[in-house]
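Here is a short briefing to read alongside the structure. Have a look at the model first, and then we can go through it together.

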Amino acid sequence: MDLSATDILKADLLERAGEDKEDNLSQRWEDVEVSLERGKFSDLFTHIRMIFERDEPRSALENGFPEQVPIFRDNPMKFMDTVLEPFADSFLLSMDDAELRSRFGHKTADLVRSLERLDNKDWLPPLLLCLQQSSTDTKDDVADFVFELERLAYYLFMVRADVNARMSRYADVLDKLEPQVDRKLRAGAKERSTALELTQDEVFALFDALDGNVYLVTRVVKPLLLRLEQASHDGSANYDFPTISVEHVCPQTLEEGSQWAEWYADGEDHSIWLHTIGNLVLLNFRKNSAARNYDFGKKKTKYFAAGDTSPFTLTNEVREFGSWKPEDIEGRRKALLKRLAKDWGLKDTFKKWWENE
């Protein structure tokens, strides 16, 4: 097998440390690698590099890491004591749902699980730094930080910010947690973002994205609906992400002579509302395949066969509707957007956005 970047970094660290420290450092390195497993162990070095570099990487990990993390180069033993092992502990904590709930509460643990559903892990360096600081008593408001981090991550996710925009924003978040004087000098006249806080324009952009054809946006719809589900009930609930599917209540195909064709005789109404948040629910695969293009009443019985209920609050709420006409979807769309706004602490700005619509 070819040497990985972390294999090369290990050899580099041991050489710098000298023979008298080699056995100790080698064993501790391997203990961390085993605890995280190989893939996440490599990820950890990428996250540590971001915590120190706070910029887009411009060289391979094995080359850039010693330069961007000077303690690795200058003091191998201190690197192990103060960087690798503590951040490995934070990484393990971030993946330990029970421990997160015990230490920081159910809400915080749910928000970390929500972050994990996103299609990138760029939010992890700030989370790891926050958790590492909490272990040394330099940060005691983890719950507040995770709340704001998750909200920011979903903003960047929904507006489809590219990797450079995400890294720049998270670098500013890292600066809030742990300011770096040399980064301020390097940044020069760069305009800084609001870090965790969302501006009014950003909140407006977030709700513009939420109010669009979310079903058609690659990799967005399932995390979004699960986030809505999370905002729709008290307490915590865990779902098996791979076994969940997204269902259109009003079907994508309107069969001639059907109830749907009557309700959506204006084809423009169908195209406007079909792929929006108001027309989507969560199902498991078994029920999804049974629902097909049935009329609304029959669809509800297929969702909730034999008096059973769906595990999803969003889906159960469909039973309250007697019809599923354009005005029903429009009303549900507003209710769901308000629900997210409340859960993210954005009610006032959402009200302004709604008035501008």
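Is Arg169 buried or exposed? In this predicted model, Arg169 is buried, because its relative accessible area is 6%, and buried means under 20%.

**The whole chain**
- The protein chain has 21 helices and 2 strands.
- Along the principal axes, its C-alpha atoms fill a box of roughly 80 × 45 × 35 Å.
- Of the 357 residues in the protein chain, 50% are buried.
- Taking contacts between residues at least 6 apart in sequence, 68% join residues at least 24 apart.

**Surface and charge**
- The protein chain has an accessible surface of about 17,100 Å², and carbon and sulfur atoms account for 47% of it.
- There are 49 positive and 67 negative charges in the protein chain, and their mean positions lie 4 Å apart.

**Arg169**
- You will find Arg169 in helix H11, which covers residues 163-177.
- Beyond its neighbours within four places in sequence, Arg169 is in contact with several residues, including Leu152, Tyr155, Leu156, Glu197 and Glu202.

**Gln200**
- Gln200 belongs to helix H13, residues 200-210.
- With a relative accessible area of 39%, Gln200 is partly exposed.
- Leaving aside neighbours within four places in sequence, Gln200 is in contact with Thr349 and Lys352.
- Gln200 and Thr349 are 149 residues apart along the chain, while their C-alpha atoms are separated by 6.6 Å.

Methods. Residues numbered from 1 in each chain as written. Predicted model: local features only at pLDDT ≥ 70, side-chain atom pairs only at ≥ 80, totals over all residues. Heavy atoms only, no water. Helix = DSSP H or I, 4+ residues; strand = E, 2+ residues; numbered from the N terminus. Buried < 20%, exposed > 50% of the residue type's maximum accessible area, 1.4 Å probe, protein only. Contact = heavy atoms within 4.5 Å. Areas by Shrake-Rupley, 256 points an atom, 1.4 Å probe, with all protein chains shown as cover. Lys, Arg positive; Asp, Glu negative; His and termini not counted. Charge placed at Lys NZ, Arg CZ, Asp CG, Glu CD.
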